Amino acid sequence: MTIEKRYRKRYKSGNTPWDAGQPDFNLIEIVTKNPILSCKVLDVGCGTGDNSIWLAQNRFQVIGTDISDIAIEKAKEKASKANVKCDFILVEFLKNKIEGAPFGFVFDRSCFHSFSSEDDRRRFAQNVANHLEKAGLWLTIVGNADEDRQGPGPPQRTAADIVLAVEPYFEVLSLQSSHFGSNRPNPPKAWRCLMQKRHIT
Ligand SMILES: C[S@@+](CC[C@H](N)C(=O)[O-])C[C@H]1O[C@@H](n2cnc3c(N)ncnc32)[C@H](O)[C@@H]1O
């Protein structure tokens, strides 16, 4: 099954445990504690849009992109209900250049980590760099392999997995062990990694 069909099936059946219905506190903390100036933001794999909408409500000009048509439709509905200006585009990130680039800040929650191959994660990182302006920032929230888990949950990556993929294109500014923002008890452990685009890319 293609990635697109896999996610379509999950959104259609409501099997979307990542969809917290609220912005992730990791994003809020990073954006409010760091001097990230108002800029154009790209939310890759935006899902139903809660993080994009929060960013748009907080002085950023936001484009959210996702491979799932159902997620994009829900995101548009939420933004309209909240009376927030935010663009949502149906697109496969690894194969397309997103209109609106360069961005000052790229955010993704659980999209980068969904790629199981090292090559794809590196391609994802390179594509993020290609969409960023000089010295632009990328914040990714990633399932953390240091959690000993029984049962289902998000993909888990090590710190080395992250660094290996991003290192050629980004300087890691911070890599912290955290957990996913969630409205459920015992949310899965996560990494939050803030990076800055290197001059060479
Ligand atoms: C685990 S969900 C997280 C959604 C959202 N970021 C959130 O936190 O609620 C991963 C999202 O990435 C999207 N996605 C996966 N691969 C993608 C790709 N290659 N291009 C664009 N979106 C993709 C999926 O459709 C899904 O909505």
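How many of the 201 residues of the protein count as buried? The share is 42%, where a residue is buried if 20 or more other C-beta atoms, placed from the backbone, lie within 10 Å of its own.

1. Basis of the note. This is a predicted model, in which local features need pLDDT of at least 70 and side-chain atom pairs count only at pLDDT 80 or more, while totals for chains, interfaces and linings use all residues. Residues are numbered from 1 along each chain as its sequence is written.

2. Overall form. The protein has 6 helices and 7 strands, and these follow one another along the sequence as α-α-β-α-β-α-β-β-α-β-α-β-β; helices (H or I, at least four residues) and strands (E, at least two) are DSSP runs, numbered from the N terminus.

3. Strand E5 and its partners. Of the 12 residues in strand E5 (residues 132-143), 9 are buried. Strand E4 (residues 103-109) pairs with E5 in the parallel sense over 6 bridges, pairing being assigned if DSSP finds at least two bridges between two strands. Between E4 and E5 the chain passes through helix H5 (residues 118-131) in a right-handed β-α-β crossover, that is, one whose path from the first strand over the helix to the second runs clockwise with the strands pointing away from the viewer. Strand E7 (residues 189-197) runs antiparallel to E5, and 7 bridges join the two. Within these pairings, arginine 109 stands opposite isoleucine 141 in E5, and leucine 137 stands opposite glutamine 196 in E7.

4. The ligand. The shell around the ligand holds 19 residues, of which the closest are Tyr7, Gly45, Gly47, Phe93 and Arg109; a residue is near a molecule if its C-beta atom, placed from the backbone, lies within 6 Å of it. Helix H1 (3-13) and strand E2 (61-66) are the elements that give two or more residues to this shell.

5. Isoleucine 53. This residue lies in helix H3 (residues 50-57), and isoleucine 53 is buried because 25 other C-beta atoms lie within 10 Å. Leaving aside neighbours within four places in sequence, isoleucine 53 is in contact with Lys78, Ala79, Ala82, Val84 and Cys86, a contact being two C-beta atoms, placed from the backbone, within 7 Å.
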